[in-house]
Amino acid sequence: MNHKTTQNIILKMMFILAFFTGIISVKAQGISMSPTRLFFSGNPGETLTENVIFTNGSANSITFNTRINDWYRDSIGEKLYMDPNTLSKSNSSWISIPEELFTVDAGSTLTIPVTMHIPENIPVSDVTNSMLFFTQIGRQDDNYQSGMGIGLQVLFEFGLHVYNTPPTNQTQDLEFTAVDDLGIINKGDNPYRRVGIKIKNVGNTISDSSVELELTNKNSGEEIKLTPVNISMLPEAEQLVYFDIPAETKGSYAGVSFIKMGGTTDIRVAEKDFEFN
């Protein structure tokens with residue numbers, strides 16, 4: 001590849017900044033969006049509006065295009081995206097914003113109203129969801145020519161979760177469905193022993209929770225406390241949470257798992273003994 005050809009290479013990096021934790025804004029090189037999740041609570045036939053705020057602290061104006069997708073989490077909690085109005089509990093077609101293309105001027109703040117038009121002929125108890133994406137549109141002068149002659153264009157994409165939970169849905173409830181020793185697995189070149197904890201949302205509202213696992217050696221009393229895993233689950237969803245411990249862990253262990261449901265004092269507990277050979 002000659003030098004001239006190399007100069008024409010543009011590497012585009014897109015960062016999906018969508019979070020389900022308590023973070024209320026995301027930032028990318030001077031541009032931020034707040035919040036990252038919109039929680040509507042409307043009945044059939046209602047129209048509701050919530051605001052999303054973009055703040056541009058950079059020296060250049062930034063233009064965004066918008067699109068919307070359906071999404072769901074797979075068995076281990078990873079998001080999978082689909083065309084809008086594909087899933088049975090999609091609210092993609094209910095959402096509108098004033099302009100699909102908008103610009104946030106340098107050093108300014110822009111408020112984007114997101115409106116949800118809830119149809120009249122829907123089940124009154126369904127929690128629905130979608131994802132609204134805001135994608136930066138690149139400009140010619142956004143290209144940065146490095147000393148190597150390679151152009152680097154960085155584009156940002158913010159993901160906004162959009163939910164509607166009917167006002168009558170107030171029950172947050174998760175339950176354990178399985179706690180299992182899944183044996184030895186490899187992560188890169190390192191072996192680990194994996195414990196899998198399967199959880200189901202049997203409530204009728206979205207649940208943000210923390211899952212924990214503690215192991216106690218029955219002979220020595222040695223305790224192993226694993227790093228908690230945060231999860232977010234829609235009603236009826238099931239998810240498998242993995243905890244990995246050193247492969248050389250041997251012996252008889254008493255295991256205690258906890259689900260701590262966000263915003264409440266509710267805790268679910270599951271106990272299981274393990275024989276690690």
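**Reading the spaces and the rings**

Mentor: The largest cavity holds about 30 Å³ of space. Before we go on, this is a predicted model, where local features need pLDDT of at least 70, side-chain atom pairs count only at pLDDT 80 or more, and totals for chains, interfaces and linings use all residues. Residues are numbered from 1 along each chain as its sequence is written, and side-chain values use heavy atoms, with hydrogens and water left out.

Trainee: How should I read a cavity, and which residues line the largest cavity?

Mentor: Rolling a probe the size of a water molecule over the atoms shows where empty space is left. On a 1 Å grid over the protein atoms alone, a cavity is a set of points where a 1.4 Å probe fits but cannot get out, while a pocket is an open set with protein on both sides within 12 Å along at least five of seven lines; lining residues have an atom within 4 Å of a point. Points are joined across faces, edges and corners, and a volume is the space filled by probe spheres set on them. Here there is one cavity of 30 Å³ or more. The lining of the largest cavity includes W94, I118, D126 and N164.

Trainee: What is the volume of the largest pocket, and which elements give two or more residues to its lining?

Mentor: Its volume is about 400 Å³. The largest pocket has 19 lining residues, with Y72, N129, L234, P235 and A237 nearest its centre. The elements giving two or more residues to this lining are β6 (62-73), β18 (229-233) and β19 (238-246). Helices (H or I, at least four residues) and strands (E, at least two) are DSSP runs numbered from the N terminus. The largest share of the pocket lining, three residues, belongs to β6.

Trainee: What is the position of E236, and is E236 buried or exposed?

Mentor: E236 sits in the loop between β18 and β19. Its relative accessible area of 56% makes E236 exposed; the cut-offs are under 20% for buried, over 50% for exposed, and partly exposed in between (1.4 Å probe, protein chains only). The phi of E236 is near 75°, a positive value in a residue other than glycine. N85 also has a positive phi, about 65°, although it is not a glycine. N85 is partly exposed, at 47% relative accessible area.

Trainee: How many aromatic pairs does a search of the whole structure find?

Mentor: Rings of Phe, Tyr and Trp (its six-membered ring) pair if their centres lie within 6.5 Å; planes under 30 degrees apart are stacked, over 60 edge-to-face, and the rest tilted. The search finds 12 aromatic pairs. One of them joins F54 and F158 edge-to-face, at 6.2 Å centre to centre with 70° between the planes. This pair links distant parts of the chain, with F54 in β5 (residues 47-56) and F158 in β13 (residues 151-164), 104 residues apart. Both F54 and F158 are buried. F54, F64, F102, F134 and F158 form one aromatic cluster.

Trainee: Where does R67 lie?

Mentor: A charge sits over a ring if NZ of Lys or CZ of Arg is within 6 Å of the ring centre and within 35 degrees of the ring normal. R67 lies over the face of F133, 4.2 Å from the ring centre.
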